[in-house]
Amino acid sequence: MKSERDERLKSIRPILSIDSPSMGDLEFFQTHTLRPILKFQNSIVLAQFRKYVQKFKPAFNAYNQSAQKNYIEDVLKRDPRIKNSLIASVVSVMTLHEYEFYCENKVELNKRIITLLIKRLQDHLEILY
């Protein structure tokens, strides 16, 4: 049974035109759930990471782009504070059905979420200053 919350969540997500001929369940979930959620949550994800950097790495903007990208990857893989906070920003806007699938595949989907977040943050370095 779909709830009103689920319907509203799906209605506010951006629609991405991604060709998906033959995908497994995890790839389908990544393409049709995680990517739209990350696009929708982009501003809050960037704000969360910006606040983290201000608190724990105030000299971040003094680094060159390569060092900044390495820092983003390193911190998202090693610091559970920011990692769990960002994952929660994604999971919190899943439908109940999506959340159940996420729980069944949590380890693999968390890896995919972090990989997508790293790329998204690295692509938006100018906003992190």
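**The core and its helices**

Modeller: In the largest nonpolar core, which has 33 residues, F49, I72, L76 and L121 touch the most other members. Please keep in mind that this is a predicted model, in which local features need pLDDT of at least 70 and side-chain atom pairs count only at pLDDT 80 or more, while totals for chains, interfaces and linings use all residues. Residues are numbered from 1 along each chain as its sequence is written, and side-chain values use heavy atoms, with hydrogens and water left out.

Biologist: What makes a set of residues a nonpolar core?

Modeller: The term is used for buried Ala, Val, Leu, Ile, Met, Phe, Trp, Tyr and Cys residues that are joined through side-chain atoms within 4.5 Å. Buried means under 20% relative accessible area, exposed means over 50%, and partly exposed lies in between, with a 1.4 Å probe and protein chains only. Helix 2, helix 3, helix 4, helix 5, helix 6 and helix 7 each supply at least two residues of this core, and helix 7 gives the most, with seven residues. Helices here are DSSP runs of H or I with at least four residues, numbered from the N terminus.

Biologist: Which residues does L121 touch, leaving out those up to four places away in sequence?

Modeller: L121 touches V45, L46, F49, I72, L76, L86 and L128, where contact means heavy atoms within 4.5 Å.

Biologist: Why is helix 3 called roughly perpendicular to helix 4?

Modeller: The axes of helix 3 (residues 42–56) and helix 4 (residues 65–78) come within 13 Å and cross at roughly 95 degrees. Axes are lines fitted to C-alpha atoms, for helices over the stretch in contact, and the angles run from 0 to 180 degrees between N-to-C directions. Angles under 35 degrees count as roughly parallel, over 145 as roughly antiparallel, 65 to 115 as roughly perpendicular and the rest as oblique, so helix 3 is roughly perpendicular to helix 4. The contact is made by F49, Y52 and V53 of helix 3 together with Y71, I72, V75 and L76 of helix 4.

Biologist: How do you know that the length of helix 5 agrees with its number of residues?

Modeller: The expected span of a helix is 1.5 Å times one less than its number of residues. The 12 residues of helix 5 (residues 80–91) should therefore span 16 Å, and its end C-alpha atoms are 16 Å apart, which agrees. The buried residues of helix 5 are I82, L86, I87, S89, V90 and V91, and what covers them includes helix 2, helix 3, helix 4, helix 6 and helix 7.

Biologist: Why does F60 count as buried?

Modeller: F60 has 1% relative accessibility, so it counts as buried. F60 is placed in the loop between helix 3 and helix 4, and, leaving aside neighbours within four places in sequence, F60 is in contact with V53, Q68, Y71, I72, L125 and L128.

Biologist: And what makes H124 buried, whereas N105 is called partly exposed?

Modeller: H124, in the segment after helix 7, has 19% relative accessibility and therefore counts as buried. Leaving aside neighbours within four places in sequence, H124 is in contact with N42 and L46. N105, in the loop between helix 6 and helix 7, has a relative accessible area of 22%, so N105 is partly exposed.
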